[in-house]
Amino acid sequence: MLSRDEILKPIWYGFTALDVDRNGKVSKSQLKVLSHNLCTILKISHNTSALEEHFKDDDEGPVSTQGYMPYLNMFILDKIQANFDFNELNKMCWTLSAPKHISSKHLLISEADTFKVWCIFNFLSEDKYPLHIVTEELEYFLRRLFAAMGCSWNEDRFEGYKMQLGAKKKHLNAWELIELIGMGHFIKGINPQTLSMGINEVYQELVMDVVKQGYMMKKGHKRKNWTERWFELHLNYMSYYVSEDLIEQKGCISLDRNCCVESLPDKDGKKNLFIIKCVEKSFEINASDKKAKQEWIQAIQDCIVHIRQGLSSPHRESRQKRRELRNKMKAEQEMMENRMRQLQLANESKQAQLEAMTKARMQMEEQVVEKANEVEQNWQRMQELEDMYRQLKKALDDERQAKEDEEALRKLQARLLQEEANKRLELEQIHQQQQEILSQSQKEKEELERERAEKESALQAAQEQLQSLRRQREGAQEEYMVVTKKLERAANKTKNWKHKVSKHEGLLQIIQPGTKSPTKMTNWGQAAFSETELDEMERIWQENKNRSYDGQ
């Protein structure tokens, strides 16, 4: 049973072929014709009023694919049975769409081969619209085509084309694939008949689900004769025809989980025999050679295993695995791209952080240089501070010593102050006594001053008197000398007179002169004091004067 996605692909081409204005909308009248043809080919009873009933709320304008899809699903696709001819559906949709795209093209392949390439494209294309074939499926198709033609695969040429294609886009649509094959891009120098046979073989394998095909001998059930037939192995059945043109089908072998295939020994002159055992009957077949026999047995056995496991045909399974692998790789690629974007963002962030860190590092280096200078300065300051600390310590020691000395001095000072206080007290007492003495001495001083003044005045007077006396003494000395002379003269006269008197002693007593010790003579006569007495009196006066000065 074909999947709904495979059935929708040719229908999509039929719908787009009716979209003349290429705006994604088709008129209702054209949709009625398309729906009628689809129901006919898919062998579904057609309800002519269902379309009108479905779009009764819409206006008379055209209907888009989004509007047509609910109707298509509900009234056509949901009713499909397995007895319709999918090839007829492809031909009908091809007839609608092909003239608008390849009528003006000069292709090297026939129209039938072009149709087969289109069907192969639908089989290999992704289930996304608009339909396209990716490069992996294109490579798969070309490899199978070259293998069917018996040609060697040119990997380098395809890689060059893929790179050229990847520069624009990574996929092709159906008409680009037909142009690629029909214009001989990869098949230059290949016989057109060989190319046609290769396209047909790939078409039979992929689109028609032909697992294997070829001529073999079959033993009849009634006449037991051996007849050559063209066999085509599908997943659920194996049909055989008179020839490879498939015009006359002679029978069909239904395969199910109860069937089996076994090799037979040689008999009746036939070699390479095997038998297909089914529930109702068995079929004996003769392959052309031992290799073909093994290939047919293996292919039939694989189909039975797929049926037992509920799997689809090998080509569809292979396509599904390639899609899953591609989706997985795409998811991994997207995840890798996301990871790469994240890494790129992280890298950019890291780069920005690195730049910031570089700037920060440069700033830090500058700061380090500054800090180094500051450290150097701080080190110098530390040295200075250490010196200052040592000096300060010394100063503190000195200060402590000074404080100790100060304390000692303070104690000494306190002691001295105490002594001074005591002395001051004594001095105050002495001063008081002195004041008292001074108060007494003041009077005495005044008296002494007065006495001194008197004595000075007396001394002055005495000095003046002394001077006067000295002058008098000198005058007296002079007079004394004169007197002495006179005395000598008088003595002489006296001697004379004495002599004379002695002679006349009885008459008169002559006056005797006094002692011969020197006497102070003044103008008034002999002085009251002698010279020695005057000197003693002067000495005593001078001592009294000096004592009075010392007391002041």
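**Close-up views of a predicted model**

**View 1. Thr95 is found in helix α5 (residues 86–97).** Helices are DSSP runs of H or I with at least four residues, numbered from the N terminus. The model is predicted: local features need pLDDT of at least 70 and side-chain atom pairs count only at pLDDT 80 or more, while totals for chains, interfaces and linings use all residues. Residues are numbered from 1 along each chain as its sequence is written, and side-chain values use heavy atoms, with hydrogens and water left out. Thr95 counts as exposed because its relative accessibility is 54% (buried, under 20% relative accessible area; exposed, over 50%; partly exposed, in between; 1.4 Å probe, protein chains only). The Thr95 side chain reaches the backbone oxygen of Lys91 at 2.7 Å. C-alpha to C-alpha, Thr95 and Gly14 are 8.5 Å apart in space and 81 residues apart in sequence.

**View 2. Lys9 belongs to helix α1 (residues 4–18).** Lys9 is buried, because its relative accessibility is 1%. Its side chain and that of Asp127 are joined by a polar contact of 3.1 Å (a pair of N or O atoms within 3.5 Å; within protein, one must be able to donate a hydrogen and the other to accept it, and residues adjacent in sequence count only if both atoms are side-chain atoms).

**View 3. Lys486 is placed in helix α13 (residues 314–503).** With a relative accessible area of 47%, Lys486 is partly exposed.

**View 4. Glu451 lies in helix α13.** Glu451 counts as partly exposed because its relative accessibility is 34%.

Conventions
Helix = DSSP H or I, 4+ residues; strand = E, 2+ residues; numbered from the N terminus.
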